[in-house]
Each structure stands twice: as C-alpha cells, then as structure tokens.
Amino acid sequence: MDPATFVAQFDQIGLRSTVYNTLTEVTATGEIIPELAESYEASPDAKVWTFRLRKGVQFHNGKELVADDVVASINHHRGGDSKSGAKAIVDPIVDLRAEDPYTVVFELDSGNADFPFVVNDYHLVIMQAKDGKADWQSGIGTGGYILKKWEAGVRVELERSPTYFKEGRAHFDQITIIAIADAAARQAALIAGEVDAINRVDLKTAHLLARNPGVVLEETSGTAHFAIPMHCNTAPFNDVNVRLALKYAIDRQAIVDTILLGHGTVGNDNPIAPANRYFDANLEQRVYDPDRARFHLKEAGLDTLSVKLSASDAAFAGALDTAVLYREHAAAAGIDIEVVQEPADGYWSNVWLKKPFAMSTWGGRPTEDGMFSLAYAAGAPWNESFWDNARFNELLLTARAELDEAKRREMYGEMQALVRDDGGTVIPAYQNFVDARSANLAREDAIGGNWDMDGFMAVERWWFA
C-alpha cells in the first residue's frame, strides 16, 4: 500500500486512481491540467513552481486537504535513504514548503518546464499528514473511492466516496479489482460476465474476443514498450560491443508480427516513442543483422556468446514467447540465449532489477525527462540496466532546464542516440494498449493512451450504460 513501492497495474489502478489523487491530471487527450491543485505557475526560469490547492477537498475521514499534506506526501519520496520508485524525479526538489494552508512552493535545483507532468507520477499521490509524515498505512485518500478491503496482489474492494470533489466522475457505487495473472482466465471471466473490464488482452485471441457482441476492445497507442535490460555493471554486458551484438541479434519486425500480431510498431532500443514530443524520427532504425552482431562479438574478443535470459509473462503478455523468438534469432549470430522461465508470482520483486538479463515492460512516460530520469539516469532506483553514461547524465540536467524548444529537441535527440548505441536495454517494440470492456460499460469519446485502462483512470471515468 506504500505509494513509494507502486509498480504494477494492480497498485496503479487499484489505489492510485481510485483512493488517491495527484496535484495534476493527464487528460484523455494527453493534456496536463490541475487536479488537487486549482492552479499552478512557474517562475521565468522554471525553477520555482507555485501550486494553489482547491479549497474544501476532503479526505475520506472528513479532514480537509491542506498544503501540509502535500508537503508530507512529496517528502515521503525524498531523502538519501528513500527507496521510492519516484526518488529520481523528486531529487531535483531542493526546497518544498507550505506558504499558507492552500499554497505549496517547490524550488528546484534547475529549471524544469515539465514539472506539472512530474507531480502527476503515479507514486506521488497525496496522502494525509500525520505527525508531519505521510500516512499511507491507513489507505485514506481524497479519491473517488474509499478503500474497504485490501489483499496485496490479490483483491481490492472499494466504495464510492460521497464527498468526492470532481463532478461527473466516480460513477460506480462499488468496485472490486481482482488480479488474474493468466490472460486466458481474464478473458474467460469477461466473456462469462464475471468481470466488467480487463486489461492486457491476449493478442492471440483478440480477434475472436472482438467478435463477441457483448465485448468492446479498446486499443490505443502511446509510449508503452517492451524492454530487455542487461546489467551494464555485470559481465559480459559491461562491454558495449556485447550489448550491440545482442541488439543486432533480434528481429524486431518478427516480434511485432508474431507477438503483437500487428498491435504495435518496431522499437529502436530507445524508450522515447513516436507519441512523445521530442521523438527523433531521424534516428536510424536498427534492423536484424546477424553479421553485424558477429562483428561486434569479434570487437569484444568473442567468437560466440552464451547468456541466460530470465522471462515470464508476468513482465508482459507474450514475454516468454518473445524470449524464445529472441533465442532463435540470436542463434544465427552465434549467440546462445538460454531462456529461464521464472515464476510469475514475485517476478517484479525477485527477478526484475536482480537478474542481469531479463524481460521487462514500460508504460512509458508523457515526457522525455520523466522516462529518462526514472530508468536511465545514473543511480535512479529503476535504472534497470544499471547504465551510467557521463554525457547522457550531463544532457539530462541541461535539457530539463532548457526553455528554448529547438535546443531542447537537439539535446533529447542526442540522448536518444546515446541510449540506442551505448545503453544496456534492447527495446524491440512499442506495444499498443489493448484492453476490453463489457458492452454495458460506457466511456467518453477520447481514451487515454498514457497508460492502459484509459490512463489508469477507467474506474473514475467510465460508467454503466
């Protein structure tokens, strides 16, 4: 229940977007707007941000939201001993204070034009302050639903809050969210009417599901992508030529055609997607090239390479099949990939960040700085490849503070090239979000593509038709 540890859709949908709110909201059309904040403004250099809170917003126990709650909630992720997944994006905050009960001021170590997006991160939910600390243990928030029952990784039961501050939101009287790891079981539950909506439809049977008149498929493209990180601080992946050999040894189009069945596009070992503002469309597309892979092996002083790849469909639907395909592709380059099938239960705690070569997935982030800061900056808790590139780290800080659009675009282009050519992550594909709902559910015309399930907001935005 600790927002610092939110990592999977069960937490992100079950708590972040039901029990809690953040200072800002990403709309279904991708715009950033105030949420718990009523307004916000930046200093000319974007180093000081002032947020003015909505008055009269209540926590589920009747307490009014005030600035001290915001300060405690953000500070929960700060500090040298923080293990929060958001630590990297709050580290630039050098001072945070409540100027009055409804005004919060953030001072940053450098300018950040994207800061309203930063405070929308799903870890940065606003909790009530208790003795100056964020009280996450109670599960009391300001969101549209009150937490009634929580079984970690299993089940969440929620009840509509009668005091929710958003009009026309949180329509359901009660909500139950169930974790069903098996894709076939999820779809069977939807068809049988046992559940009303599911995420991560099995793409192999999506076309059959779409034929069911009682089911509606929801497909959106955004920043989501498959990732296969290698630990750059662990041999043999500490050699850039080994990393490049593995990047040239995967057939990306085959992954899109076979695993995604066309529900996505080829990746380029770059987490910045075409949906991102500063996506570099001129970056040369890497293609499957076993001969080039062999060349880089020789540059590393190797004739062959044998590595173990940890995989489980807990990473994403089709992750195990992706690993098997990768093994077949790499064999033509003299690379032997042993696929290690890991248990789905506990994959994110026992395998991810721990095994040196493993399957992963990202929903992406709405800004380049958000994605890079979380997963590629040196020392970031979620830097899953343990990559450390001095030029990249320098550009990350400079681009964040740059207000000139042309200069900023140039810097983010260079960073994408550095990640592609020196980084430790194979990114074979950008995947579309493919969810499904019962036909008796309705939604607004637009649907969020920043995360699955309508940007994690389906429980708040959808209703029974």
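Helices (H or I, at least four residues) and strands (E, at least two) are DSSP runs, numbered from the N terminus. This is a predicted model, where local features need pLDDT of at least 70, side-chain atom pairs count only at pLDDT 80 or more, and totals for chains, interfaces and linings use all residues. Residues are numbered from 1 along each chain as its sequence is written, and side-chain values use heavy atoms, with hydrogens and water left out.

Entry one, the sheet. I found an open sheet of four strands in the order β3-β4-β6-β5, with antiparallel pairing (two strands pair if DSSP finds at least two bridges between them). β3 (37-42) and β5 (93-100) are the edge strands with a single partner each, so one side of each has no neighbour in the sheet. On average, neighbouring strands are turned by 15 degrees against each other, direction ignored.

I then followed β5 to β6 (residues 103-108): the two pair in the antiparallel sense over six bridges. D95 has E107 in β6 as its bridge partner.

Entry two, a helix on the sheet. Helix α2 (residues 67-75) lies across β4 (48-53), β5 and β6, and runs at about 165 degrees to β5. Axes are lines fitted to C-alpha atoms, for helices over the stretch in contact, and angles run from 0 to 180 degrees between N-to-C directions; contact means heavy atoms within 4.5 Å.

The axes of α12 (residues 368-375) and α14 (residues 405-422) come within 12 Å and cross at roughly 35 degrees. I noted E368, D369 and F372 of α12 meeting Y412, M415, Q416 and V419 of α14.
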